[in-house]
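Subject: Predicted model for your review

Hello,

Here is the structure we talked about. Please look it over, then read my notes below.

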Amino acid sequence: MKTILVTGGAGFIGSNFIRLILDSEPDYFVINLDKLTYAGNLGNLLGIEEKYPKRYVFVHGDICDEMILTKIFTDHDIDFIVNFAAESHVDRSILQPNLFIETNVLGSANLLNVAKTTWKERFDSKRFLQVSTDEVYGTLPEDNPEIKFTESTPIQPHSPYSASKASADLLAQAYFDTFGFPVLITRCSNNYGPYQFPEKLIPLMINNAVNDKQLPVYGDGKNIRDWLYVQDHCEAILAVLQSGKLGDVYNIGGNNEIKNIDIVTMILDYLGKPHSLIKYVTDRLGHDRRYAIDASKIKNELDWEPKFQFSEQIGTTIDWYLSNTEWMENVISGEYQKYYDLMYSGR
Ligand code: NAD
Ligand code: TYD
């Protein structure tokens, strides 16, 4: 049996990852440590405790809390750590940068320290995977589609979010270089799929369109992201965790660059809603123009490539939100409305 500590497992990608592990790796025991911030929701893992009573446990706690981490490491013989826990939304990082520094930098450092101490420098067969993002590389020119982010592209983050993620990556790499601590880093492009919090582009636009609300497109709508279905991301993380080379970075991407405005119109067309719902609004500060991942390393070394096609999965994703209205109602009650008004009213 392998024991895996998943942090941030009640969020969008973490919950999809936990479901993948429990369904596909029968000899893994999963500990999910999550602070349950506005983005964390045990509704993302409904039925998991009943389905896997002997292989799953939830711990409510903060990665910044050294005591809780030490207790988890004392109570369990942990083999693998996958650190998803983070503040993950660029717009919120513009409003509250310090929160991002606390969780994404100090929290990750705390996790590295406690793991290093309790593993007592005996790292054989141990693995710590830091889930990072392509946003650490900064932005790409849109007039040169040949250029993509590779693992050796210099780090040049622009938002407080991406700067905090880059900081955690550098710390993780420093722990590998200095202590031989068994680190792996993945840098993935934009994910979409079930259970994504509706502050992010795709679920926000679906929810607004369904409710005949305006769809706020930043700037000219021509910013480009490289979209990957969440299950593909989770499978890539598992491949890196099990077979990646320690100390290495692995880029993960969908080879699927799309302009924001094209996604928004696709959503409206799928739902049979008018394009007049689109409202161009003031651009995001420091808005990166284009992200694109060169994922040839993970394909060549670990034989991973995306299985899912955007043209099909965007429909599956919209259908998922349409048939999970209770989930949506639950996550947009409370804090969400205040956030939405603060971010969008009068914009
Ligand atoms: P999310 O915001 O949906 O979930 C984050 C989770 O972390 C939530 O469950 C939250 O409660 C938890 N959390 C926050 N602070 C915590 C703390 N201090 N201690 C413990 N738990 C805490 O985020 P997501 O979209 O699922 O992203 C997960 C990870 O993947 C993040 O590290 C993010 O940077 C990275 N990532 C995301 C994307 C994307 O497109 N969403 C792409 C690449 C990388
Ligand atoms: P987002 O989902 O926040 O992901 P990220 O900023 O991490 O790439 O945004 C994706 C793109 O969509 C980004 O270019 C910003 C844009 N966007 C809008 O135009 N309107 C919105 O309301 C949101 C949330 C995002």
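In which helix is the place of Lys297? Lys297 sits in helix H10. Helices (H or I, at least four residues) and strands (E, at least two) are DSSP runs, numbered from the N terminus.

First, the ground rules. This is a predicted model, in which local features need pLDDT of at least 70, side-chain atom pairs count only at pLDDT 80 or more, and totals for chains, interfaces and linings use all residues. Residues are numbered from 1 along each chain as its sequence is written, chains are lettered from A and ligands numbered from 1 in the order in which they are written, and side-chain values use heavy atoms, with hydrogens and water left out.

**Lys297**

Lys297 counts as buried, at 18% relative accessibility. Buried means under 20% relative accessible area, exposed over 50%, and partly exposed in between (1.4 Å probe, protein chains only). A polar atom of the Lys297 side chain lies 3.0 Å from the backbone oxygen of Val249. A polar contact is a pair of N or O atoms within 3.5 Å; within protein, one must be able to donate a hydrogen and the other to accept it, and residues adjacent in sequence count only if both atoms are side-chain atoms.

**Salt bridges**

Side chains of opposite charge can pair when their charged atoms come close. The rule for a salt bridge is a side-chain nitrogen of Lys or Arg within 4 Å of a carboxyl oxygen of Asp or Glu. That rule gives 17 salt bridges.

Asp91 and Arg284 form one, at 2.6 Å from N to O. Asp91 lies in helix H4 (residues 90–95) and Arg284 in the loop between strand S13 (278–281) and helix H10 (296–302), so this pair ties together parts that are 193 residues apart in sequence. Both Asp91 and Arg284 are buried.

Arg289 and Glu142 form another, at 3.0 Å from N to O. Arg289 lies in the loop between S13 and H10, and Glu142 in the loop between strand S5 (127–133) and helix H6 (160–179), so the pair ties together parts 147 residues apart in sequence. Arg289 is partly exposed, with a relative accessible area of 21%. Glu142 is partly exposed too, at 40%.

Asp169 pairs with Arg187, their closest N and O atoms being 2.8 Å apart. Asp169 is in helix H6 and Arg187 in strand S6 (residues 183–188), so the pair links distant parts of the chain, 18 residues apart. Asp169 and Arg187 are both buried. There is also a network: salt bridges that share partners join Arg92, Glu199, Lys200 and Glu335.

**Ligand 1**

Which residues come nearest to ligand 1? Of the 28 around it, they are Ile13, Asp34, Ser88, Tyr161 and Lys165. A residue counts as near if one of its heavy atoms lies within 4 Å.

The backbone makes several polar contacts here. A backbone N or O atom of Ile13 lies 2.8 Å from an oxygen atom of ligand 1. For Leu36, a backbone N or O atom is 3.4 Å from a ligand 1 oxygen. A polar backbone atom of Ile63 is 3.0 Å from a nitrogen atom of ligand 1. Taken alone, ligand 1 exposes 830 Å², and the protein buries 97% of that. Accessible areas come from the Shrake-Rupley method with a 1.4 Å probe; for residues, only the protein chains shown count as cover.

Helix H1 (12–24), S5 and H6 each supply at least two residues of the shell. S5 gives the largest share, 3 residues. The shell divides into 12 nonpolar, 12 polar and 4 charged residues. Here Ala, Val, Leu, Ile, Met, Phe, Trp, Tyr, Cys and Pro count as nonpolar, Asp, Glu, Lys and Arg as charged, and the others, Gly among them, as polar.

**Ligand 2**

Of the 19 residues around ligand 2, Glu135, Arg225, Arg284, His287 and Tyr344 come nearest. Arg284 is also the salt-bridge partner of Asp91.

A polar side-chain atom of His287 lies 2.7 Å from an oxygen atom of ligand 2. An N or O atom in the Asn190 side chain is 2.9 Å from a ligand 2 oxygen. A polar backbone atom of Pro216 is 2.8 Å from a nitrogen atom of ligand 2. The protein covers 97% of the 510 Å² of accessible area that ligand 2 has on its own.

Helix H7 (201–210) and strand S8 (215–218) each supply at least two shell residues. The shell divides into 9 nonpolar, 5 polar and 5 charged.

**Cysteines**

The disulfide count is 0 (a disulfide is a pair of cysteine sulfur atoms within 2.5 Å). The sulfur of Cys234 is 9.0 Å from the closest cysteine sulfur, in Cys188, too far for a bond. Cys234 is buried, at 1% relative accessibility.

Best wishes
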